[in-house]
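Q: Can you walk me through this structure, one feature at a time? Please give me the general idea before each case.

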Amino acid sequence: MKKNLIIFYPSYEKGGVTNILKNLIESKNKKKFRIHIISSDQFLKNIKSSKKFIFHSVKKNITIPFFPHRYNTALNAMFVLFSLVSKLKSNIVIHSMQSNVAAIIVSILKRKKIIIRNSENPIYSTLNSENYFFGILTFFLKFLFYNFADGIITNSKGSAQSLKYFVFNKKKIKYIYNPYLKKIKRKKFKKFNYIINIARLRKQKDHETLIKAFQIFLNNNKEYKLLILGHGNLEHKLKLRCKELGILDKVIFKGWVKNTKTYLKKSKIFVLSSVYEGLGNVLIDAINFDIPCISTNCPSGPSEILLNGKGGYLCLVKSPLQLANKMNYSVKNYSKSLKKNSFAKKSLDRFLISIQSKKYFDYLYKFN
């Protein structure tokens, strides 16, 4: 008999989590489940797989003034989840991929098993929050409620380690790499003098450091350009910074790009400048398209993907000079950089959808 798997994902977001969820619901390994998804209508419009799950829309019925959009969406989604659990009654497993505290509260009230997904280091995400009040509030709520979850899936060993500081029962924590790649590319691509970064233009991604580093890098590499793919609230500020540094003509802001592989194929070096990450899916893409990678050695996942520096270059967080030096060394010793990438590529099967989705669903099925 199939179990009802309720996936709680109140706020649709482009990229990361949505792609992971899409890969899961399209996986052949989901056969033991009847999947219900609680999300916004925007999710349904962007995921063309409606026959593979039962969709439950989150409507904007309640709004608390001055609270972030995600808080209000989570509150409205709680009522949808409560109603659905009451309707299905039994044979239910709840899996929260977002707004975990809201889903945990419902699971406590309805006495149902809940497995949450935590993709970020909670300490570093709080320290680098764009709104310190809500950052601290979110941290407090996680500390209070995560211990009521029956299981916690993290997407890296580092992320799992970070949770051990405030989850009392360590056995609840299970790291499962993102089910991300369909296949590993074996074709070589012609490269141009592009440094590429793919990330939301938010505080977490620290494009300020990247831009400063690129200015230093240009002193000895004037033929290069920096491609930044992504959108966010810091776009205007970052463009002004490029203008102040006199490199606006060398930095190309492409905005949000659905098909990033067009740019990945052409780029010579990939740079991740984040202050923290859950895993860092963009590094996986870059390696897959034969692009040597440079990343800040930030918590939690980049060093795992780059095999602690054996599969790419790692540098300190918020260090423009060190990042520039790594970029310069990488292009000047490009054959060595490609060898590092080849070494990292041998381990990419860790992120294949077929392998990790099976681990994911096998873990979820254990809960009754």
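A: Start with the element names. Helices (H or I, at least four residues) and strands (E, at least two) are DSSP runs, numbered from the N terminus. This is a predicted model, in which local features need pLDDT of at least 70 and side-chain atom pairs count only at pLDDT 80 or more, while totals for chains, interfaces and linings use all residues. Residues are numbered from 1 along each chain as its sequence is written, and side-chain values use heavy atoms, with hydrogens and water left out.

Q: Which residue just after α4 takes a positive phi?

A: Arg111 does, with a phi of about 55°.

Q: Which residues of α4 are buried?

A: Buried means under 20% relative accessible area; exposed is over 50%, and partly exposed lies in between (1.4 Å probe, protein chains only). In α4 (residues 100–110), the buried set is Asn100, Val101, Ala102, Ala103, Ile104, Val106 and Ser107. They pack against β1 (3–8), α3 (69–88), β4 (92–96), β5 (114–118) and α6 (132–145). Contact here means heavy atoms within 4.5 Å.

Q: How do I read the two faces of strand β6?

A: In a regular strand the side chains alternate between the two faces of the sheet. In β6 (residues 151–154), Gly151 and Ile153 are on one side, Ile152 and Thr154 on the other, and all are buried.

Q: Which strands pair with β6?

A: Two strands pair if DSSP finds at least two bridges between them. β5 and β6 run parallel, joined by four bridges. There, Arg117 stands opposite Ile153. β7 (residues 173–175) also pairs with β6 in the parallel sense, over three bridges. Thr154 has Tyr175 as its bridge partner in β7.

Q: Is the unit of β6, α7 and β7 right-handed or left-handed?

A: A crossover is right-handed if, with the strands pointing away from the viewer, the path from the first strand over the helix to the second runs clockwise. β6, α7 (residues 157–163) and β7 make a right-handed β-α-β unit.

Q: Is Cys293 buried or exposed?

A: Cys293 is buried, with a relative accessible area of 1%. This residue is found in β12 (residues 293–296). Leaving aside neighbours within four places in sequence, Cys293 contacts Phe270, Leu283, Ala286, Ile287, Leu306, Gly312 and Tyr313. Cys293 and Leu283 are 10 residues apart in sequence and 7.0 Å apart in space, C-alpha to C-alpha.
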